[in-house]
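Subject: Structure for you to look through

Dear colleague,

Here is the structure I promised to pass on to you. Please open it beside this message, so that you can look up each residue as you read.

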Amino acid sequence: SSVAKLNTKNCEVICIDSGSIDSTLDIIKSYQDKISDLQILTITWPQNYSVARNAGIKRSTKEFVFFIVGDVEISS
């Protein structure tokens, strides 16, 4: 929800779900109308955050990349 409060007009937001078994994916999908250029990528969890981050980097098209995880809130 903290990302949805930001101005993401000139950004792309790539959410990577690594096989969550709770309602994480449904929550991410509920923000598709609130976050411009939201992309959702699903990968198999390899027990390694680097794999998920590298998948996001490969998908990204912007100059800068910023990572956050699900339990982090950011402020403008």
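Below is what was found in it, beginning with the whole chain and going on to single residues.

Please keep in mind that this is a predicted model, in which local features need a pLDDT of at least 70 and side-chain atom pairs count only at pLDDT 80 or more, while totals for chains, interfaces and linings use all residues. Residues are numbered from 1 along each chain as its sequence is written, and side-chain values use heavy atoms, with hydrogens and water left out.

The protein contains 2 helices and 2 strands, and, read from the N terminus, these elements follow the order β-α-β-α. Helices (H or I, at least four residues) and strands (E, at least two) are DSSP runs, numbered from the N terminus. The C-alpha trace spans about 30 × 30 × 20 Å along its principal axes. The radius of gyration, taken over C-alpha atoms, is compared with a globule rule of 2.2 Å times the number of residues to the power 0.38; for 76 residues a compact globule would come near 11 Å, and the protein, with 12 Å, agrees with this.

Of the 76 residues, 21% are buried, where buried means under 20% relative accessible area, exposed means over 50%, and partly exposed lies in between (1.4 Å probe, protein chains only). The protein exposes about 5,900 Å², of which carbon and sulfur atoms supply 49%; accessible areas come from the Shrake-Rupley method with a 1.4 Å probe, and for residues only the protein chains shown count as cover. Contact means heavy atoms within 4.5 Å, and among contacts between residues at least 6 apart in sequence, 64% join residues at least 24 apart.

How many disulfides does the structure hold? There are 0, a disulfide being a pair of cysteine sulfur atoms within 2.5 Å. The sulfur of C11 has its closest cysteine sulfur in C15, and because these two are 13 Å apart, they are too far from each other for a bond. C11 counts as partly exposed at 35% relative accessibility, and C15 is likewise partly exposed, with a relative accessible area of 21%.

G56 sits in helix α2 (residues 49-59) and is buried, with 8% relative accessibility. Apart from neighbours within four places in sequence, G56 is in contact with I14 and I16; the C-alpha atoms of G56 and I14 are separated by 6.5 Å, although the two residues are 42 apart along the chain. T8 belongs to the segment before β1 (13-17) and is buried at 9% relative accessibility. With neighbours within four places set aside in the same way, T8 touches V3, V13, I35 and S36 by the contact rule.

Two partly exposed residues complete the tour. D37 lies in the loop between α1 (24-29) and β2 (38-42), with a relative accessible area of 42%, and has a positive phi of about 55 degrees although it is not a glycine. V69 comes in the segment after α2 and has a relative accessible area of 34%; the C-alpha atoms of V69 and Q39, residues 30 apart along the chain, are separated by 15 Å.
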